[in-house]
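Visitor: I am new to reading protein models. Could you walk me through one, feature by feature?

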Amino acid sequence: MAVAGSEDARQSRRPVAIIGASGALGFGLGIRLAQAGVPIEIGSRDPGRVSDALDRARAAVPSGYFTAHENADAVRAADTIILSVPFRNQSETLTSIRDALSPGQLLIDASVPLAAAVSGKATRMLGVWQGSAAQQAREMVPDGVRVVSALHTVSAASLADLDHPLEQDVLICGDSRDDKLRAASLIERIDGLRCVDCGPLEMARTTESLTALMIEVKIRYTSHAGIHLTGLPEALWEWPRESPGPTPTTLRS
Ligand SMILES: NC(=O)c1ccc[n+]([C@@H]2O[C@H](COP(=O)([O-])OP(=O)(O)OC[C@H]3O[C@@H](n4cnc5c(N)ncnc54)[C@H](OP(=O)(O)O)[C@@H]3O)[C@@H](O)[C@H]2O)c1
């Protein structure tokens, strides 16, 4: 599909595929990452929605490099995939992209099992047999596909408002420090996001539930609310020598 933006960005990095990029969180992540120079593969189930999302993304970040595809093709084009679909559709979406996933790819799961998936309250959680949406995702992907859980406390509204400084933390869970580092080095390219290692993937049960908390906070105050942990050391990640991390400023306290 159509292409826009800087050739430099295309040459320098493989794109990140966002499954659900036509939706609230996926779109906000897509434009923020594109603003930071990350090529974005907009994934969708629907040609009309993917085309609309592409137009909106180009309008929001004219300098961004965007391509747009049906979900499975977007997955094939990327090393990292962000899964940002409603929990009620997480399982069917993973089934639909399963054959396109390959060993070594990193899946960042942002799904939250809110009770809204079964017509319940958006401020209540569903029990997931595996423990969390992220653990369900790990169970469904082919062997060798790495899964981390992240981004649950970052609101779509704050991402989409490009004039809004983020200045907040992203809680990352996963069973491999290298996978979490890989996710952090991508996410911290978004100015104002600091990633915090929150332990193994089973901790996603807790971090996912913080979305319900953030919804209550949003109702009372603002949809731009985020979280920030205090008292942490300045350097939270040991970046490999050849990859010193996204920008020095992201390692602030
Ligand atoms: N919104 C937030 O602020 C926020 C914050 C933290 C976490 N989350 C979590 O992130 C995930 C995405 O949230 P969201 O608010 O971006 O969701 P959304 O806007 O309702 O949907 C995101 C995308 O999911 C895709 N999708 C796949 N199967 C679908 C189906 N059967 N019906 C409808 N859409 C389907 C759609 O893309 P296509 O139609 O193009 O395929 C849709 O644009 C959720 O699990 C949510 O809990 C959201």
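Visitor: How much of strand 3 is buried or exposed?

Guide: A residue is buried if 20 or more other C-beta atoms, placed from the backbone, lie within 10 Å of its own, exposed if 12 or fewer, and partly exposed in between. Strands (E, at least two residues) and helices (H or I, at least four) are DSSP runs, numbered from the N terminus. In strand 3, residues 66–70, four of the five residues are buried. Do keep in mind that this is a predicted model: local features need pLDDT of at least 70, side-chain atom pairs count only at pLDDT 80 or more, and totals for chains, interfaces and linings use all residues. Residues are numbered from 1 along each chain as its sequence is written.

Visitor: In which sense do strand 2 and strand 3 pair?

Guide: Two strands pair if DSSP finds at least two bridges between them. Strand 2 (residues 40–44) joins strand 3 in the parallel sense, over five bridges. Ile-40, for example, has Phe-66 as its bridge partner in strand 3. Between strand 2 and strand 3 the chain passes through helix 3 (residues 47–60), and this β-α-β crossover is right-handed: with the strands pointing away from the viewer, the path from the first strand over the helix to the second runs clockwise.

Visitor: Which residues of helix 8 are buried?

Guide: In an α-helix, residues three or four places apart point the same way, because there are 3.6 residues a turn. Helix 8 (residues 177–187) buries Lys-180, Leu-181, Ala-183, Ala-184, Leu-186 and Ile-187.

Visitor: And how many helices and strands are in the protein?

Guide: The protein has nine helices and eight strands, and 45% of its 253 residues are buried.
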